[in-house]
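Please look over the sequence and the model below before reading on.

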Amino acid sequence: MADRIAPLQAQVGGPRDGALLRFALGNALLDAGRTAEACDAFRAAVDFDPDYSAAWKLLGKAQLAREDLGAAAEAWQRGIDAAARRGDKQAQKEMQVFLRRLQKPRT
């Protein structure tokens, strides 16, 4: 995993820095179990592009992995809104399901 992370981190702040780079970095960090850093990368991705629904979706997953349920719910809600603006029905539906599951009472 680290072999995927280092080259991406090296590009941060360079001419290719942007939402896609930060999303790729967040995804690699999430895969490596580095959830706090993944959250930072996904937040940076949506700072570059607030309508990047895939970044919102994985930000919610990273927050859930950190057991920050409120932050996960907020990310998914913002992702649902972003997906609706972009017409990304599949991402919208996925995040609605994630949000419903999160809001179910736990027994």
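What follows is a short report on helix packing and on a few selected residues in a predicted model.

## How α2 and α3 pack

Two packed helices are described by the angle between their axes and by the distance between those axes. For helix α2 (residues 19-31) and helix α3 (residues 35-48), the axes come within 8 Å and cross at roughly 165°. Because angles over 145 degrees count as roughly antiparallel, α2 is roughly antiparallel to α3. The crossing in which α2 passes α3 is left-handed.

On the side of α2, the contact is made by A19, R22, F23, L25, G26, N27, L29 and L30, while α3 contributes T35, E37, A38, A41, F42, A44, A45 and F48. Sorted by class, the residues of this contact of α2 with α3 comprise 11 nonpolar, three polar and two charged ones.

## How α4 and α6 pack

A second pair is formed by helix α4 (residues 53-65) and helix α6 (residues 89-103), which pack at an angle of about 20° with their axes 10 Å apart. Since angles under 35 degrees count as roughly parallel, α4 and α6 are roughly parallel to each other. Here, too, there is a left-handed crossing, in which α4 passes α6.

The residues of α4 that take part are S53, W56, K57, K61 and L64, and they meet A91, E94, M95, F98 and L102 in α6. The contact of α4 with α6 divides into six nonpolar residues, one polar residue and three charged residues.

## Two residues of α4 in detail

Which residues does K57 contact, once its neighbours within four places in sequence are left aside? K57, which has its place in helix α4, is then in contact with W76, E94, M95 and F98. With one of these, E94, there is a polar contact of 2.5 Å that joins the two side chains.

S53 is also placed in helix α4. Is S53 buried or exposed? Its relative accessibility is 5%, and because buried means under 20% relative accessible area, S53 counts as buried. If residues up to four places away in sequence are not counted, S53 touches G79, A83, D88, A91 and M95.

## A loop residue with a positive phi

Most residues other than glycine have a negative phi. E67, which lies in the loop between α4 and α5, has a phi near 65°, and this is a positive value in a residue other than glycine. E67 has a relative accessibility of 69%, and because exposed means over 50%, E67 counts as exposed.

## Distances along and across the chain

How many residues apart along the chain are A6 and A28? They are 22 residues apart along the chain, and their C-alpha atoms are separated by 9.8 Å. A6 is found in helix α1 (residues 2-11), and with a relative accessible area of 43% A6 is partly exposed.

For D81 and G14, which are 67 residues apart along the chain, the separation of the C-alpha atoms is 30 Å. D81 is found in helix α5 (residues 69-86), where its relative accessibility of 36% makes D81 count as partly exposed.

Definitions and conventions. Residues are numbered from 1 along each chain as its sequence is written. This is a predicted model: local features need pLDDT of at least 70, side-chain atom pairs count only at pLDDT 80 or more; totals for chains, interfaces and linings use all residues. Side-chain values use heavy atoms; hydrogens and water are left out. Axes are lines fitted to C-alpha atoms, for helices over the stretch in contact, and angles run from 0 to 180 degrees between N-to-C directions. Helices (H or I, at least four residues) and strands (E, at least two) are DSSP runs, numbered from the N terminus. Angles under 35 degrees count as roughly parallel, over 145 as roughly antiparallel, 65 to 115 as roughly perpendicular and the rest as oblique. A crossing is left-handed if the near helix is turned anticlockwise from the far one by less than a right angle, and right-handed if clockwise. Contact means heavy atoms within 4.5 Å. Ala, Val, Leu, Ile, Met, Phe, Trp, Tyr, Cys and Pro count as nonpolar, Asp, Glu, Lys and Arg as charged, and the others, Gly among them, as polar. Buried means under 20% relative accessible area, exposed over 50%, partly exposed in between (1.4 Å probe, protein chains only). A polar contact is a pair of N or O atoms within 3.5 Å; within protein, one must be able to donate a hydrogen and the other to accept it, and residues adjacent in sequence count only if both atoms are side-chain atoms.
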